[in-house]
Amino acid sequence: TNYRFKSLMYENVSKFEEELAEFTSSKYAIATDCCTHAIEICLRIQKPVFIKSTAYTYLSVPMTFKKLNLKFELTDEDWIGEYNLHGSNIWDSARLLKPKMYRKNQLQCISFGNGKPIDNKRGGAILCDSKEFYNKAKKMSFDGRDLSFQPWIKQKEFQIGYHYNMPIEHAIKLSELLKKYRQDGNFEPKKVEYPDCRNIVFTE
């Protein structure tokens, strides 16, 4: 019964990933527990040398740069819906969710947190068109696990991973919320004011 429950969990998360990919016109979507962790996974895999990013964003973004010891610069760039982490193909798309939004060969990180287009209080995803990236990011978000191994103890070798996977109940609810969001048809992003993160002092 326990293994059957786990199988159902993967099926529900995969179903939501497929629905999100179809809605956004990306080939793949990797569901995560939040957008910040989606960005972190992208940065860990892509390993950019230097990032230039808007200073007007949520504080977890520059904190992630610090956490990963990335060289970065915060700028005056204004944005609506999404912005690029310049120096990479990674986008913080936390405030955007609309049909055919996917940008070819890019990594767009979605949020389902407070006040986002679909508000589930928590949740995130990565949009991509590379099967290689999808496989690597999926494992990284799930403690390095290859989900074809059931139970996980049958897997003998793991890439370094993190406990950033989306819970089953979030995937089920988000499938319902996405369906309603599509029916409502209000997809235009709104301007959201963020404080200047250059005024934040980071301490250990």
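**A walk through selected features of the predicted model**

Lys 15 belongs to helix 1, which covers residues 2–24. In sequence, Lys 15 is 92 residues away from Leu 107, and their C-alpha atoms lie 20 Å apart in space. The model described here is a predicted one.

The side chain of Asp 33 makes a polar contact of 2.9 Å with the side chain of His 37. Leaving aside residues up to four places away in sequence, Asp 33 also touches Arg 122, Gly 123, Gly 124, His 163, Tyr 164, Asn 165 and Met 166.

Strand 2 (residues 50–54) and strand 3 (residues 71–75) run parallel and are paired over five bridges. Together with helix 3 (residues 60–67), strands 2 and 3 form a β-α-β unit that is right-handed.

Several loop residues deserve a look at their backbone. Lys 47, in the loop between helix 2 and strand 2, has a positive phi of about 50° although it is not a glycine; at 62% relative accessibility, Lys 47 counts as exposed. Asp 143, found in the loop between helix 4 and helix 5, is likewise a residue other than glycine with a positive phi, here near 60°. Its relative accessibility of 31% makes Asp 143 partly exposed. The loop between helix 4 (131–141) and helix 5 also holds Pro 151, which is joined to Gln 150 by a cis peptide bond with an omega of about -5°.

Helix 5 can be followed from end to end. Its 17 residues (168–184) should span 24 Å at 1.5 Å a residue, and the end C-alpha atoms are 25 Å apart, in agreement with that expectation. The buried residues of helix 5 are Ile 168, His 170, Ala 171, Leu 174, Ser 175, Leu 178 and Tyr 181. Viewed down the helix axis, these buried residues fall within an arc of 140°, so they line one face of helix 5. On the other side, Glu 176, Lys 179, Gln 183 and Asp 184 are exposed. Just after helix 5 comes Gly 185, with a positive phi of about 75°.

Methods:
Residues numbered from 1 in each chain as written. Predicted model: local features only at pLDDT ≥ 70, side-chain atom pairs only at ≥ 80, totals over all residues. Heavy atoms only, no water. Helix = DSSP H or I, 4+ residues; strand = E, 2+ residues; numbered from the N terminus. Expected span 1.5 Å × (residues − 1). Buried < 20%, exposed > 50% of the residue type's maximum accessible area, 1.4 Å probe, protein only. Arc of directions from axis to C-beta. Polar contact = N/O pair within 3.5 Å; in protein donor to acceptor, adjacent residues only side chain to side chain. Contact = heavy atoms within 4.5 Å. Pairing = 2+ DSSP bridges. Right-handed = clockwise from strand over helix to strand, strands pointing away.
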